[in-house]
Amino acid sequence: MSAEAMTDERAGILLVDDMEDNLIALEAVLGSLNEPLVRARSGEEAMKALLRRRFALVLLDVRMPGMDGFETAANIKRLDQTKDVPIIFLTGAEDEPGYAFRGYATGAADYLTKPFDPWVLRAKVTVFLDLHRKKRQLERLLSREHLQSKELSAQLAALEEQLSDTDPDLTDLRARVHEIRRLVG
């Protein structure tokens, strides 16, 4: 596998929380997944991180000073570059019941209350990491198919041009047909 493919496979998880203890807890729970964990202590830091690199998932605290989790999520979903990054909101159990609805309305893929069950969080994150890997694999396959299609079109155009000659070279035509068969098959 190429270095680029490995980098894409390991896009990382963005951990957004203004409390150091919460970031440490998230790192402890998710460290065993062997994926890059990137910290952001505010919504503003999260947006900068998202614009610098690709992430498979964002774990986002709802209550933060400045730009809160809802605003941050809305900004993430507004940008073409980041709109498809799944967000799991994390919030305190004492927070308003309407927060869950607001989180989903803002574009969250999931919503967990603190203290969260480490096994549940790890399982949910694993699902999103697997989906990210499959999406990247599909993107690479589609890109390869697109390149093959362009090559096939070029081969067919060259074949058509050669067939329009008054005295085509049959050996060369057979070679071109063989190459087209290889591309198709």
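Helix 3 crosses helix 4 in a right-handed sense. In this predicted model, helix 3 spans residues 43-52 and helix 4 spans residues 69-78, and their axes come within 9 Å at a crossing angle of roughly 20°. Since angles under 35 degrees count as roughly parallel, helix 3 and helix 4 are therefore assigned to that class. On the helix 3 side the contact is formed by G43, A46, M47 and L50, and these meet T72, N75 and I76 of helix 4. By class, the contact of helix 3 with helix 4 comprises four nonpolar and three polar residues, with no charged residue.

The crossing of helix 6 past helix 7 is left-handed. Helix 6 contributes E151, L152, Q155, L156, A158, L159, Q162 and L163 to the contact. The residues contributed by helix 7 are D172, L173, R176, V177, E179, I180, R182, L183 and V184. Taken by class, the contact of helix 6 with helix 7 contains ten nonpolar, two polar and five charged residues.

Helix 6 also packs against helix 2 (residues 20-30), with the axes of helix 2 and helix 6 set 9 Å apart at an angle of about 70°. The range from 65 to 115 degrees counts as roughly perpendicular, and helix 2 and helix 6 are therefore described in this way. Helix 2 passes helix 6 with right-handed geometry. In this contact, L26, V29 and L30 of helix 2 meet P118, L121, R122 and V125 of helix 6. The contact of helix 2 with helix 6 is made up of six nonpolar residues and one charged residue, with no polar residue.

Two backbone features were identified in loops. The peptide bond joining K114 and P115 is cis, with omega at about -5°. P115 is located in the loop between strand 5 (110-114) and helix 6. The other feature concerns N34, a residue other than glycine with a positive phi, near 60°. N34 belongs to the loop that lies between helix 2 and strand 2 (37-40).

The pocket analysis gave a volume of about 300 Å³ for the largest pocket. Its lining consists of 18 residues, and those nearest the centre of the pocket are F55, D84, V85, H132 and K135. Helix 6 supplies six residues, the largest share of the lining of the largest pocket. Divided by class, the lining of the largest pocket contains seven nonpolar, three polar and eight charged residues.

How values were computed. Residues are numbered from 1 along each chain as its sequence is written. This is a predicted model: local features need pLDDT of at least 70, side-chain atom pairs count only at pLDDT 80 or more; totals for chains, interfaces and linings use all residues. Side-chain values use heavy atoms; hydrogens and water are left out. Axes are lines fitted to C-alpha atoms, for helices over the stretch in contact, and angles run from 0 to 180 degrees between N-to-C directions. Helices (H or I, at least four residues) and strands (E, at least two) are DSSP runs, numbered from the N terminus. Angles under 35 degrees count as roughly parallel, over 145 as roughly antiparallel, 65 to 115 as roughly perpendicular and the rest as oblique. A crossing is left-handed if the near helix is turned anticlockwise from the far one by less than a right angle, and right-handed if clockwise. Contact means heavy atoms within 4.5 Å. Ala, Val, Leu, Ile, Met, Phe, Trp, Tyr, Cys and Pro count as nonpolar, Asp, Glu, Lys and Arg as charged, and the others, Gly among them, as polar. On a 1 Å grid over the protein atoms alone, a cavity is a set of points where a 1.4 Å probe fits but cannot get out, and a pocket is an open set with protein on both sides within 12 Å along at least five of seven lines; lining residues have an atom within 4 Å of a point. Grid points are joined across faces, edges and corners, and a volume is the space filled by probe spheres set on the points.
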